[in-house]
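Try each task before you read its solution.

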Amino acid sequence: MKTIRYTLSVTWKEILLLSKDRGTLAIMFLMPLLLGSVFGGINLQLMQVGEEGNILFDIHLVNQDAGVFGEQLEAALNEISIVNVIPSDSLPDSEEQVAKGEVTAVVIIPASFTGDINSYTPTKIEVIVDPAAPDSASIVSGILNQAAAEITIWGEVQYGVRTILDESGVMENANPEVQMAVAGQTLGVIMTQLNEMRRDPAILLDNRTLEGVTIEGDIELFFAYLFPAFAVMFIFFIIGISAVSLLSERETGTLRRMLAAPIPRGAVIAGKMLAFMLLACAQIVILFAVGNILFDMPLGESPLALILLAVATAFVATALGMLVASLSKSSKQADNIGMILAFILAAIGGAIPISRIPFARMEGFIGTLSQVTPHAHAIEGFYRVMTENAGLAQVWLQIGVLLVMGIVIFLLAIWRFRFE
């Protein structure tokens, strides 16, 4: 009981000291909140582009077709909010503006467009793009293919209806006006039914994992990576902070006085580690709460799994801080080593979110290298719980790896550290 009391006393003393250190609190809380909010806001803005009528691409449209399908394609392009369609009567002038980069592309609807569709003859729409912007050109081409596909379906159905009526002989004795009316009515019924089927499709796409868990949308998936990544990255800034705290007390003789009290050496180390672990867990709670409230970040269905992942991650970080303290000759050296180590591990482990998915899920050298860091296992665990609704049984491996890493590092730190 005395050991526990001593441990909690050291913990409380350390918490009081940390509460007065505004620089440490800013690094641990303000920086990840700021970065997470900025990155989250930027990605939300990018995802919402086009929903509020924002224009991304200016294109010139040269419509040489005087028929109904040319008009329908032009109308379909005008309804796409991210594209600004500028009618053009001069193809050379439009090509010149593409060459200057003033417009993304020129779309040319041929004069035979409606006639070709009516006769079910292959036709083509030309798209002249800016070679300096291949990504934008690819998007415009995809938009045009989608718009043209709608008209192609209409043309195919119309041709099929007309062919059936002609070959069946049902309308053989009817006058042309009646034939056109029957064909138009049949076409209208078929297209109406197709549109109803699109609104209520027979086949629905349901994204699930192998375990049958529904996967969130793309932006939710990214937030479930973004906020845990920043949380894990800044948790490991504890390495330098905790190492400096321990070495500063050794340099000032505080450790010597504590041991003379007498307080067991294990209680001193455990008390300091517990204080920094509580700090790290508080950081995770605040950052995840902000992500959930402001960006609708999913938190999964297993609070216990999140808690154990947070504790295991905090344990590894503080153990690393003790190891750095045991290997450093001074508090200044420990601070430098801790800062460098935190950045290197964050970069290797995927805690700097430069991709859409955690490094642990990547193939090749990057995915393999990330596995040697605690960051990759922590982020993967959080990602599974948040996006795949994984429970404790599905993330026990990540928690176990973190605990094993922490125990090995902690034992090395105890073995190497000198209290005097």
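**Exercise 1.** Find how many of the seven residues of strand 1 are buried in this predicted model.

*Solution.* Start by selecting residues 57–63, which form strand 1. Next, apply the cut-off: a residue is buried when its relative accessible area is under 20%. Five of the seven residues are buried, leaving the strand mostly covered.

**Exercise 2.** Work out which strands pair with strand 1, and in which sense.

*Solution.* Take strand 2, residues 83–87, to begin with: strand 1 pairs with strand 2 in the parallel sense, over five bridges. As a landmark, Phe57 has Val83 of strand 2 as its bridge partner. Then turn to strand 3, residues 105–109, which runs parallel to strand 1 and is joined to it by five bridges. Here the landmark is His60, whose bridge partner in strand 3 is Val106.

**Exercise 3.** Compare the span of helix 11 with its expected value, then look at the residue just after the helix.

*Solution.* Count the residues: 265–295 gives 31. At 1.5 Å a residue, the expected span is 45 Å. From the first C-alpha to the last, helix 11 reaches 45 Å, close to that expectation. Just past the helix, Asp296 adopts a positive phi of about 55 degrees.

Conventions
Residues are numbered from 1 along each chain as its sequence is written. This is a predicted model: local features need pLDDT of at least 70, side-chain atom pairs count only at pLDDT 80 or more; totals for chains, interfaces and linings use all residues. Side-chain values use heavy atoms; hydrogens and water are left out. Buried means under 20% relative accessible area, exposed over 50%, partly exposed in between (1.4 Å probe, protein chains only). Helices (H or I, at least four residues) and strands (E, at least two) are DSSP runs, numbered from the N terminus. Two strands pair if DSSP finds at least two bridges between them. The expected span of a helix is 1.5 Å times one less than its number of residues.
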